Structure formats: structure tokens, C-alpha cells
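Good morning, and thank you for coming.

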Amino acid sequence: MESNPTADAQSTATSTLDTTATAASNATTTAGDRNDPIITVRNLQTSFFTDKEVIRAVDGVDFDIRPGETVGVVGESGSGKSVTARSIMGLVDSPGHILEGSSIRFQHVPTLRSFATTFAGRTVSLDELEAEHDPTSLFDHPEIDATPSTFGYDDREEATLEDFVGAYGDTLEFIGADECVFVRDGGTDDPESITDGFVELTRCTGEIQRKMRGGRISMVFQDPLTSLNPVYTVGNQLEETLRLHQDLSGQAATEEAVELLEAVGIPDARRRVTEYPHQFSGGMRQRAVIAMALACDPEVLICDEPTTALDVTIQAQILDLLKELQHERDLGILFITHDMGVIAEVTDRVNVMYAGEIVETAGVHSLFGDPKHPYTQGLLESIPGRQQGERLQTIEGNVPTPNEPATYCRFAPRCPKAFGDCEAVHPETVPVGDGHPEDEQAAHTTACLLYVDEYTAATHPSSRTPDQGAGEVEAMGGSADAATDTETETPRGDDR
Ligand SMILES: Nc1ncnc2c1ncn2[C@@H]1O[C@H](COP(=O)(O)OP(=O)(O)OP(=O)(O)O)[C@@H](O)[C@H]1O
Ligand code: NI
């Protein structure tokens, strides 16, 4: 692929901004660094309220996305991957709703500064709120069902105002928290001083939602025809996005459209920009969709099975393209697939989803080298070529529809390792393993009673085999080093 001078210039400009923003936020929050998440999902619950039942499609999900990293979400059909993505985009179809108690924060200082100016009426100063309200007292509010563990803490003193206004803004309307832009160290009259805060995506509506969606976060769908209109040329569609989000028009927009097509590796871009989507092959169409998604210069790209409809060679090319674009633009990518092979290829950290819940989270090396949850182990065994000389395993049965609160392990009915309590106890998320050295600080956690001490000791003393499977990552093209370092992990609280 040719390099794209505009894209390079943009990405330099973006990373300079990012560095400034991060340096500034370092001044106030000592914990902040270059690796601060740009998206923080906490206790996300998205349900569909049908006549017959309530489907808890996403049921208490936590994960982060950092700039420049690819976070995978993997699981079988019906596990809640697309609903998770659509929740972040604000595109949940009726009769679906994101429930109170859920929070999706977009943490990006340049966006906060711009929104505090454009959407002053929707901007709240966290400093001012904090001066009047002690966050710990909010646990006592009758309509807030949170405990410290809801936010991942042991002690209520650790909870911050951010935690509450993110998840319970509507309930906290009486303190003015039912808004969507929360800022620190500056306000609507002094946006340049803002150094911290977040946009709460679960409460964005109207114009601000349009500015987020397709402006700061964009999405690539499996079927390119969802994103391309057959009656306009590819160039017209790109130019329209550039006009809306980058304020470009006329010749400047046309030039940028050509450069975007070049950036995604479409040959003869100057001619192709005048063609219609049906004149593009499947692979070229998906490249055009990626160009559309990049036209607004987003911080985060969500890819929902972007290569599933493509043949293997084209799929590999698109995955390479995404990696290259990510590197140039410091994009945070959320990558959704049911294909463990693709996960091994593109992701840094992986969330394994089952029936609305994340059952295991790990760096990609730990996940493949030392999978903990029996569901993850089952998914790995169903990769062709991984189990040499053995018949290809598949997990029998299907993902159940999560239509009642999880008071048990939803995987238990299909789990080869299930024991009595699995039908009676909902497993908490617990830290496991030491993490593979190449996974940097990625924590390894799982929600399975096999790893909860009291059950392990009492019923299954031999089921904990931490090094089982280490080295298998070689088969997936990774390194075979066993996990040797003794990094401590940050335990994550369960959200229930
Ligand atoms: N509009 C809707 N109305 C009712 N239920 C829905 C709706 N959309 C999704 N669901 C339910 O939500 C659950 C999760 O669906 P989702 O599309 O997120 O699965 P997925 O993991 O993306 O699966 P796939 O791999 O097939 O794309 C399923 O049980 C599905 O039936
Ligand atoms: Ni899906």
C-alpha cells in the first residue's frame, strides 16, 4: 500500500494532541499515563423488552479500550457481541435499552474541550459537583443499587463521583448529573483548562450523539452494503462524510476522498472515486467502507465481523490494512469475531463472551497459551489444525437466550467440567494466572467456579492446572514462552 501523506500528517497532529492532553491530565491525576483507556465500559446491561420476555443480551460487561490497541470480543452466535458494539455506538434497536447502572465513558480531552464549547448546556463540572456532594453518601440513595464491588472496589471510600454520575446519572438528576459531558479543571467558560473527564455515551442524544457516532467513534459492519448507498458514487459518499465531520467541501473534499481510497489500498483511486459501490469487488467494497469509517478521523473504530463475508486471502489483506491504519492513526479498535484464528491474528487483549457475559479476559498470549474458562478451552479446541491428529472438537449445543437473571453459570449445561454448584452459584470474575510476559500489564481474569478457592479446594482439588496448554500459542504463530514472570494483577470486582 502507498503511504498517505495526509493520513500521516493527521496522525501526527492527533498524537501531539493526545500527548498534550495526557501530560495535562498527569498533572492532576498521578495515575494517568499514555495508557489511559479512551473507552471504559462498566457494568453494561442492554436488554430487549419483548412481549414474551426480557432478553438480557448484554448482562454486566466490563472492558477498556486504549489508544493504539486492539481489543477482541469473541464468542458464538447470540453471545451479545453485536449488541455490545451497538450499545457503544448508540445504535441499539427497539425494543432494546441500555439499563440504568451501565456506563460507557469516552475519555478524550480534545473532545471534552470542544464539547464544553459547543454543548455548554450539557456540560457538568465534576469539581463543582464534588464540592457539594460526597460520593460515598450516594451509596445510601434508595434508588441506587450499587455496592463498592459494583465499581470494582472493596471499600466505599474508593468510589468516585465519576463512577456514580456515569452509571446513575438519571437517578442523580436532582444533583444535575443527568447530562453527558463531565469535565474537570475547567468548565464551559474556560474549556482550554479542561484536563480530565468523560463523555457518558449511554446518555448522549441528538446532535451530541451524531457528533460522537461517526465523528469520534465509527463502525465497520460485516456487510459493506449496510454502510454504502447504492445510488451514490463512492466519492459522493466520502465527500458527504468529510463535509459533515471535517468541514471539507468542493475540490478539497474530492482530494481527501481520493487520498482516503489510496490509504485503504484501492488502486487507481482517482478513477474509482467516481464509481458506484456495485462496481467494486467484495474486498474493495470493504476497503471503501473502511475509508468511510476513517473519513471523520475517529479515535475509536469498532469492527463487527468485518471480514467474515470475504475469502481467506482478502480477509488477510483487510486485517493487515487495519493494523497498518491503526499504527498510523493510533486508533483504538474493538474487534468482534466468532473466529479464534482472527483473534490470534489481530488482537492485543481478548474478551470471551457467552450469553451476555464476559467469561474470560486476557492478553492474547495468555488466552491462547493458558486458557482458563472451559468455554474458552472449547473454542480453542474447535480451531482447525490446532489439535493435531485429533478430530475437530466443537462444543455441543447452543448459546442459551439469557432471559432471566444469572443465578448460576450460563455455560454449565454445556460444560464438560461442571459440578453441582455450577447450577446454583453465579461465578464472580476472579484473577487467574500470572499473565504471559508479552501481554504487558493485561490482567487475566475469568468467571468460573473452578478458580474460586472455596470450590477448588472443596470439590475439585485437581482441576487447577495453571500451566496446562502453555506453549500451544506456537501453533497460532505466536511465541511459545511459558508464562514465567510474577507480575501482580489487579483484581477486578464482580459487578453484581
Ligand atoms: N432487535 C432485537 N430484538 C430482540 N432480541 C435481540 C435483538 N437484537 C439482538 N437480540 C438478542 O440479543 C442476543 C445477542 O445478540 P447479538 O446480535 O449481540 O449476538 P452476536 O454475539 O453478535 O451473534 P452473531 O455472531 O450471530 O452476530 C441474542 O439472544 C439476540 O436474540
Ligand atoms: Ni453479531
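In which hand, left or right, does H10 pass H11? H10 crosses H11 in the right-handed sense. A crossing is left-handed if the near helix is turned anticlockwise from the far one by less than a right angle, and right-handed if clockwise.

Before I continue, please note that this is a predicted model, in which local features need pLDDT of at least 70 and side-chain atom pairs count only at pLDDT 80 or more, while totals for chains, interfaces and linings use all residues. Residues are numbered from 1 along each chain as its sequence is written, and chains are lettered from A and ligands numbered from 1 in the order in which they are written.

The labels H and E denote DSSP runs, numbered from the N terminus: helices are H or I with at least four residues, and strands are E with at least two.

Let us return to the two helices. Helix H10 covers residues 282-294 and helix H11 residues 312-329; their axes come within 10 Å and cross at roughly 20°. Axes are lines fitted to C-alpha atoms, for helices over the stretch in contact, and angles run from 0 to 180 degrees between N-to-C directions. H10 is therefore roughly parallel to H11; angles under 35 degrees count as roughly parallel, over 145 as roughly antiparallel, 65 to 115 as roughly perpendicular and the rest as oblique. Among the residues that make this contact are Gln286 and Ile290 of H10 and Ile318 and Leu321 of H11. Two residues are in contact if their C-beta atoms, placed from the backbone, lie within 7 Å.

A second pair is formed by helix H7 (234-246) and helix H8 (250-263), whose axes come within 9 Å and cross at roughly 115°. That angle makes H7 roughly perpendicular to H8. Their crossing is right-handed. In H7, the residues Gly235, Leu238, Glu239, Leu242 and Arg243 meet Ala253, Thr254, Glu256, Ala257 and Leu260 in H8.

I turn now to the sheet. Eight strands form an open sheet with mixed pairing, in the order E9-E10-E11-E3-E12-E13-E15-E14. Two strands pair if DSSP finds at least two bridges between them. E9 (217-220) and E14 (430-431) are at the edges with a single partner strand each, so one side of each is left without a neighbour in the sheet. Within the sheet, E12 (residues 349-354) and E13 (residues 357-363) pair in the antiparallel sense over six bridges, and Val352 stands opposite Glu360 in E13.

Two helices lie across these strands. Helix H14 (residues 374-381) lies across E3, E12 and E13, at about 105° to E12. Helix H2 (residues 81-89) lies across E3, E9, E10, E11 and E12, and runs at about 150° to E10.

H2 also brings us to the ligand. Ligand 1 is surrounded by 16 residues, and the closest are Ala57, Ser77, Lys81, Ser82 and Val83; a residue is near a molecule if its C-beta atom, placed from the backbone, lies within 6 Å of it. Strand E2 (54-65) and H2 are the elements giving two or more residues to this shell. The largest share, three residues, comes from H2.

Finally, two backbone details. Most residues other than glycine have a negative phi, and most peptide bonds are trans. Yet Ser94 and Pro95 are joined by a cis peptide bond, with omega about 5°, and Pro95 lies in the loop between H2 and strand E4 (96-98). Glu305, in the loop between E10 and H11, has a positive phi of about 50° although it is not a glycine.
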